[in-house]
Amino acid sequence: MNFCKYKEIIEEGDTVILYLGFNNMHAITVKTGETFQTRYGALRHSDLIGIKFGDKVQCPKGYLITLHPTPELWTVNLPHRTQILYTTDISLVTMQLDLRPGSIVVESGTGSGSLSHAIIRSIMPIGHLYTFEFHSQRAALAEQEFQIHGISQYVTVAHRDVCSDGFGIENVADAVFLDLPCPWVALPSAKKALKQQVSDILGAIIGILEHSRLLVHQDIHVCWNSFGTFCTFGLVKGHLGLFGIEFTFLRKIVFLFSMHRTSTKNM
Ligand SMILES: C[S@@+](CC[C@H](N)C(=O)[O-])C[C@H]1O[C@@H](n2cnc3c(N)ncnc32)[C@H](O)[C@@H]1O
């Protein structure tokens, strides 16, 4: 299967999202002979082979729906190996990095691959993602998932510490995104990874994610996004200054997440 291109019929080895309810979904890889236990009873994987994505499947105590995977559904169903980026943040990152089909993107760390799947969908079929992860098992598992999901041709996974060893690539990327504990350490090398004209003329684009929701931009040499409760402009400026990164402009974007409640009223 190709995770990012819709297909109709479920086959052996496909990833299927089993939808039992809005808060009850599971991602499985179909393997003949295996059984998956749901709230509505057991489901034999072989019962899925040959039916359509979107079909209803009757289980002993209720039914489920077989959804085709998307990056958004994968984000809420993937096996967590780390903290991950969710779709609200991913949509902002994708927009700020100006991703489009054909973009070449550098990302670190790969983590659980949540952001990677979304990046790949945005840049395919002619773009490429270079993703770097210093935890060997996480790097290997992400590579395996990209293979199973049929998107490995759009991504290169490297097992590497980008803070100590850099990215090892120069003048290739349209955008860089860092989701690391100390992203500023990797900034000089991230800047090298950017295409020269991107870094010098367009002033784009390095995103940094920390653990808060402060989004910072700089528009001469580097732009970056930073989401960190403890990350103030001063701190970011200080760190950048320390590594000789120039900037002229900082922009902060704060997400205001609001729930809309609907109710019926008689007037
Ligand atoms: C928060 S997770 C990234 C989650 C990812 N954005 C996602 O959406 O699934 C941070 C990852 O960065 C990796 N990491 C931390 N320091 C690193 C470094 N110096 N070089 C490469 N990877 C690093 C960690 O092992 C971890 O897997």
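A residue counts as buried if 20 or more other C-beta atoms lie within 10 Å of its own, as exposed if 12 or fewer do, and as partly exposed in between, with C-beta atoms placed from the backbone. The structure is a predicted model, in which local features need pLDDT of at least 70 and side-chain atom pairs count only at pLDDT 80 or more, while totals for chains, interfaces and linings use all residues. Residues are numbered from 1 along each chain as its sequence is written.

**Exercise 1. Describe the chain as a whole.**

Solution. Begin with burial: of the 267 residues of the protein chain, 38% count as buried. Then turn to the secondary structure, where helices (H or I, at least four residues) and strands (E, at least two) are DSSP runs numbered from the N terminus; the protein chain has eight helices and eleven strands.

**Exercise 2. Work out the order of the strands in the open sheet, and follow the pairing of S6.**

Solution. Two strands pair if DSSP finds at least two bridges between them. By this rule four strands form an open sheet in the order S2-S1-S6-S5, with antiparallel pairing. The edge strands are S2 (24-29) and S5, each of which pairs on one side only. Now look at S6 (residues 62-67): on one side, S5 (residues 56-59) pairs with S6 over four bridges in the antiparallel sense, and Lys56 stands opposite Ile65. S5 and S6 form a hairpin, with two residues between them. Strand S1 (residues 15-21) is also joined to S6, by three bridges, and here Leu18 has Thr66 as its bridge partner.

**Exercise 3. Find the residues at the centre of contacts in the largest nonpolar core.**

Solution. A nonpolar core is a set of buried Ala, Val, Leu, Ile, Met, Phe, Trp, Tyr and Cys residues joined through C-beta atoms within 7 Å. The largest such core has 39 residues, and among those that touch the most other members are Val105, Ile119 and Leu129. Helix H3 (114-123) gives the largest share of this core, five residues. A second, separate core has seven residues, including Val16 and Leu48.

**Exercise 4. Which residues are closest to the ligand, and how does its shell divide?**

Solution. The ligand is surrounded by 22 residues, the closest being Gly109, Gly111, Ser114, Phe134 and Cys163; a residue is near a molecule if its C-beta atom, placed from the backbone, lies within 6 Å of it. Ala, Val, Leu, Ile, Met, Phe, Trp, Tyr, Cys and Pro count as nonpolar, Asp, Glu, Lys and Arg as charged, and the others, Gly among them, as polar. The shell then divides into nine nonpolar, nine polar and four charged residues.
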